[in-house]
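Hello,

Here is the structure I promised to pass on, with some notes on its aromatic rings below. Please have a look at it before you read on.

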Amino acid sequence: MENSLISIIVPVYNCEKYIGRCLESIIRQTYRNIEVLVVNDKSDDKSGEICEAISQTDERIRIFHLNERGGVSKARNIALDKCKGEYVCFVDSDDWIEPDMIEYLYSLLMKNFSYKIAACGIFEMDN
């Protein structure tokens, strides 16, 4: 069922405690035809370095470093201008996703071609 390229956009700002888990959950997706666009919004912690290190392990990850803070909307818009996918998924840098999330959402879209958006719920964690 793997056909369309899906762009996953991750805006990053000062999330060194979470970004590793986030990116690892994305690159371990069962749906493999993805590109990951990470936009580092001028973090002043180790977030950018962590993203760079993880990008060395997977050629599907592209990192963009902003020279000045622009906020999450600007970061997403920059990635939208650079993405190549037929579909786009936003993942926040302090989140992680289940291994089959992209595959499942894509399968929903393929079952009914009139659908333009697929959505899912969330679980909140205290720690």
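Let me start with a charge over a ring: Arg 76 lies over the face of Phe 90, 5.1 Å from the ring centre. Likewise, Arg 69 sits over the face of Tyr 13, at 3.6 Å from the ring centre. A charge counts as over a ring if NZ of Lys or CZ of Arg is within 6 Å of the ring centre and within 35 degrees of the ring normal.

Please keep in mind that this is a predicted model, where local features need pLDDT of at least 70, side-chain atom pairs count only at pLDDT 80 or more, and totals for chains, interfaces and linings use all residues. Residues are numbered from 1 along each chain as its sequence is written, and side-chain values use heavy atoms, with hydrogens and water left out.

Now to the rings themselves: there are two aromatic pairs (rings of Phe, Tyr and Trp, the last by its six-membered ring, with centres within 6.5 Å; planes under 30 degrees apart are stacked, over 60 edge-to-face, the rest tilted). Tyr 31 and Tyr 106 have ring centres 5.0 Å apart and planes at 55 degrees, so this pair is tilted. Tyr 31 is in the loop between helix H1 (19-27) and strand S2 (34-40), while Tyr 106 is in helix H4 (residues 101-111), 75 residues apart. Helices (H or I, at least four residues) and strands (E, at least two) are DSSP runs, numbered from the N terminus.

For Tyr 87 and Tyr 106, the centres are 5.9 Å apart and the planes at 75 degrees, so the pair is edge-to-face. Together, Tyr 31, Tyr 87 and Tyr 106 make one aromatic cluster.

Best wishes
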